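Student: Hi, I have a model open and would like to walk through it with you. Shall we put it on screen?

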Amino acid sequence: MNDSSKGLDLKKVIEKKYPNNSGFYSWHSDVQIGANTLKAFENVKKKIEHNDSANAQLAKAIEIISMCNPPYVQKGVKKTGLVIGRVQSGKTTSFTLVSALAADNGYKLIIHLLGTANNLLESNYGDVVRVLGIEDGTPTNWNIREVRANGKGGIDLDPQSLTNLVSGNPASMQSKNANKVIYLPLLKNKHSILPLTDLLRQAKIIKDIPILIIDDEVDSHGMNIKRQGSKNIYNKAIEGSQSATNKHLHDLRDACGTVTYLGYTATAQGPILQHPNNFMSANFHTLLEPGKGYVGNKELFGKPKRIKAMNAYRK
């Protein structure tokens with residue numbers, strides 16, 4: 001059985017048992033499960049003890065990618081999504097599966113903002129490559145290009161090299177480039193964001209391909225926290241009134257033609273309360289349920305007294 005048939009059978013099983021419960025209808029229902037997702041899912045099953053939890057992760061990833069831009073969407077469409085999950089409940093696994101699905105569904109460039117400190121970047125990056133199977137010695141169509149500050153190595157890509165890789169041009173000296181997916185992990189700070197933004201602006205082909213940006217811990221550093229003036233705050237909501245990192249992330253997203261910006265967090269108050277004119281205000285959102293055996297604040301300490309009182313009042 002080939003990968004296409006395996007993917008179709010797996011999708012039927014998953015969607016029958018785990019229906020979409022996000023409250024948002026899928027914006028496209030023809031999500032494909034291909035070689036990248038099959039490989040990632042096998043690695044997830046090795047990582048997660050309970051099969052039901054692994055299956056639920058894949059079902060949620062299918063739900064999320066179905067709400068992102070489909071590969072055939074009109075050029076220039078930009079969307080923002082928000083995925084809310086508890087602390088240590090599988091958010092990294094989720095966005096890695098979403099990235100694998102994106103690669104199987106026409107996305108040629110996937111950007112991961114993996115934290116604001118090097119140790120967090122390295123930890124998340126290690127988890128991602130293990131699930132994707134990029135460095136396990138088996139064949140892969142992922143092409144990793146790490147993004148660093150210009151003073152620390154920069155990006156080993158120029159606009160023409162990026163164009164060659166994305167288009168499958170043999171001038172890039174890579175075999176079978178038509179199937180290559182470029183993976184760009186980076187820190188969420190201006191020293192990494194700015195050179196990547198400049199690269200994307202200079203590579204004209206970027207306007208013609210769907211791009212996925214994953215912002216891990218989206219509430220950290222990326223929110224617009226600039227204080228508004230007392231007059232005309234609604235008209236000033238974007239222009240001239242963005243805090244620095246929020247502006248850099250906005251410019252990164254803007255440099256992409258067709259893009260889905262997908263934020264993950266356990267503390268969603270910041271993104272939810274962003275001004276509707278800010279790009280961080282989500283077009284769709286969903287809740288990531290923890291798997292079997294999860295132990296978090298609720299399991300350790302019970303419900304807060306205020307929630308208990310509210311529940312008693314409702315009764």
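Student: Which helix gives the most to the lining of the largest pocket?
Tutor: Helix H3 does, with 7 residues. Helices here are DSSP runs of H or I with at least four residues, strands are runs of E with at least two, and both are numbered from the N terminus. A pocket is an open set of points on a 1 Å grid over the protein atoms alone, where a 1.4 Å probe fits, with protein on both sides within 12 Å along at least five of seven lines; lining residues have an atom within 4 Å of a point.

Student: Before we go on, what should I know about the model itself?
Tutor: This is a predicted model: local features need pLDDT of at least 70, side-chain atom pairs count only at pLDDT 80 or more, and totals for chains, interfaces and linings use all residues. Residues are numbered from 1 along each chain as its sequence is written, and side-chain values use heavy atoms, leaving out hydrogens and water.

Student: Back to the pocket: which residues lie nearest its centre?
Tutor: Gln57, Ser89, Gly90, Lys91 and Pro290, out of 33 lining residues. H3 (51–67), H4 (91–104) and H5 (118–132) each supply at least two residues of that lining.

Student: Now the sheet. What is the strand order?
Tutor: The 7 strands run E3-E4-E2-E5-E6-E1-E7 in an open sheet with parallel pairing; two strands pair if DSSP finds at least two bridges between them. E3 (142–144) and E7 are the edge strands, each pairing on one side only.

Student: How many bridges join E1 and E7?
Tutor: There are 5, in the parallel sense. Val83 has Thr286 of E7 as its bridge partner.

Student: Switching topic, what is the phi of Gln88?
Tutor: It is near 55°, a positive value in a residue other than glycine. Most residues other than glycine have a negative phi. Gln88 sits in the loop between E1 and H4, and it counts as exposed because its relative accessibility is 73%.

Student: What about Glu217, where does that one lie?
Tutor: Glu217 is in the loop between E5 and H8. Its phi is also positive, about 55°, and at 29% relative accessibility Glu217 counts as partly exposed.

Key. Buried means under 20% relative accessible area, exposed over 50%, partly exposed in between (1.4 Å probe, protein chains only).
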